Amino acid sequence: MAVTFVTGNKNKLLEVQAILADVLPNLRSEALDLPEYQGEPEYISKEKAKIAAERVQGPVLVEDTFLCFKALHGLPGPYIKWFLDKLGHDGLNKLLAAYEDKTAYAQCVFSFCAGPSSEPITFVGRCLGRIVPARGPNSFGWDPIFQPDDEQGQPGKETFAEMDKTIKNKISHRICISSSTQCGCSLVKPIFNEAKIVGGFAARNNSWPWIVSIRRSKSDSSSSGPGSVLCGGSLINEKYVLTAAHCFSNMKDSQLSNYFAVIGAIYSNDTNPIRVGFKSMILHENYNGNTYENDIALLELNYSVSFSDSRIGFICLPPNNQVTYPYSGMNATAIGWGRLQSSGSSAYTLQQVQLPILPYTDQYCYDTVYNDGIQFCAGYDQGGKDTCQGDSGGPLMTHDANSDTWLIAGVTSYGQGCALPEHPGVYTRVSMYVNWINSRLNGTTNGSQELVKCVSNKFLLLSWLISLCFSNIFIHI
Ligand SMILES: O=P(O)(O)OP(=O)(O)OP(=O)(O)OC[C@H]1O[C@@H](n2cnc3c(O)ncnc32)[C@H](O)[C@@H]1O
Ligand SMILES: [Mg+2]
């Protein structure tokens, strides 16, 4: 049965028909007056698709476009149509006059609904860029004021309006999603073949794109040397590394210049692909060196790294303020270049180990943890698997199966020995610090990030949608 693309926008229809020409050459369209819901983009889109399928009595595709200004925390977003109508291109530029940050992203949400009473499937596409004074023909919406970034994440040369349509259709929000907009996506899938960290096994190259190796420059070697591993950390955005406060608690700000981050590495002497110094450190103000309470810190990088390199990514923050997260019994994964045994040598290849979250009522956890509201245990009562010296500050991660994304549930904090029976490792409960993190980053969100399903860098969204439809859904209709 033919799919109907429901839209009242002729320009949009032309673009979607061109993008889908190979897969759906006869995409029909219909302009229905559908209610516009309020709420989150995916909700708006799904509701629209359900009603459209009801009205058409068959499979439908709908699409909504949002134009989001970073400085305005995502606005105008779903309201862009009205802002554009009332303010025009010039007015939209003026909205940003008070802000230095002119970056923006175009986002579209497609929903496909196989028919009445079917649950829609939703795909989100994004294109990063910036708002500029209008350039090019004024033939489609805000095209003249949106200048997409190039492949390297640098300002592109042309606005959407100046570009040839075929080029726009290869890079626009209607077709692409870039890994840079998604947290917790490991595009090189991690391996989990059970075989130091202690009792773990070597990670697959680039499967943990947010892992940071925090190193100290060796004074006797050249400044370009690999240095020695101090701690682990995790990128939580393009500029900040989350780590443990105890790694830096005895350090003066002036000593920070002796340290650097290596991002995207797999070996402990690797300095590729990115080596970058630190600009500042923010240790938790209530860090307690005796009890390891509030063992959490942020390190600001000297410059923002670019996530257009798919070897580099950032991890999702966990649900905000959930004292029970991670739940006991959940399976978590720790990674690091720490020691392979308590008094042994450090790992050469990044190691990973799976550890269950222990309840506070576990007697060994109870004996080890000082404050179960902000700390938790992971490991095995019988020992054998654990984090160890050098892994501190690194992430203990949980996997969200729905979105296939990774969250940082814990920061590796302390333990007695490594992998000893009856001595589980202790982790800082990151969920209780999401507000702290956001406040230190001048973030406005009080919550954690939305988990957007991972798709590979520059994935061709629509081809995926269509292949999915053909394989799973079309056979039922
Ligand atoms: O019937 P629908 O499909 O909802 O069509 P619409 O015109 O309401 O379209 P949207 O809600 O998706 O779009 C919001 C606004 O953004 C404009 N717009 C959408 N896609 C665009 C693009 O690729 N380039 C420029 N402007 C765009 C569009 O003209 C609207 O003013
Ligand atoms: Mg609309």
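Ser-280 stands opposite Glu-300 in strand S14, where a strand is a DSSP run of E with at least two residues and a helix a run of H or I with at least four, both numbered from the N terminus. The model is predicted: local features need pLDDT of at least 70, side-chain atom pairs count only at pLDDT 80 or more, and totals for chains, interfaces and linings use all residues. Side-chain values use heavy atoms, without hydrogens and water, and residues are numbered from 1 along each chain as its sequence is written.

**Strand S14 and its partners**
- Strand S13 (residues 274-283) runs antiparallel to S14, joined by five bridges; pairing requires at least two DSSP bridges between two strands.
- Strand S11 (residues 240-243) also pairs with S14 in the antiparallel sense, over four bridges, and Tyr-240 has Glu-300 as its bridge partner.
- Five of the five residues of S14 (residues 297-301) are buried, that is, under 20% relative accessible area (1.4 Å probe, protein chains only).
- In a regular strand the side chains alternate between the two faces of the sheet.
- From S14, Ala-297, Leu-299 and Leu-301 point one way, and Leu-298 and Glu-300 the other way.

**Surroundings of ligand 1**
- Around ligand 1 are 19 residues (a heavy atom within 4 Å), of which Thr-7, Lys-12, Lys-81, Asp-143 and Lys-168 come nearest.
- A polar side-chain atom of Lys-12 lies 2.7 Å from an oxygen atom of ligand 1, and a polar side-chain atom of Trp-142 lies 3.1 Å from an oxygen atom of ligand 1.
- The protein covers 90% of the 600 Å² of accessible area (Shrake-Rupley method, 1.4 Å probe) that ligand 1 has on its own.

Key. Chains lettered and ligands numbered in written order. Polar contact = N/O pair within 3.5 Å; in protein donor to acceptor, adjacent residues only side chain to side chain. Buried < 20%, exposed > 50% of the residue type's maximum accessible area, 1.4 Å probe, protein only.
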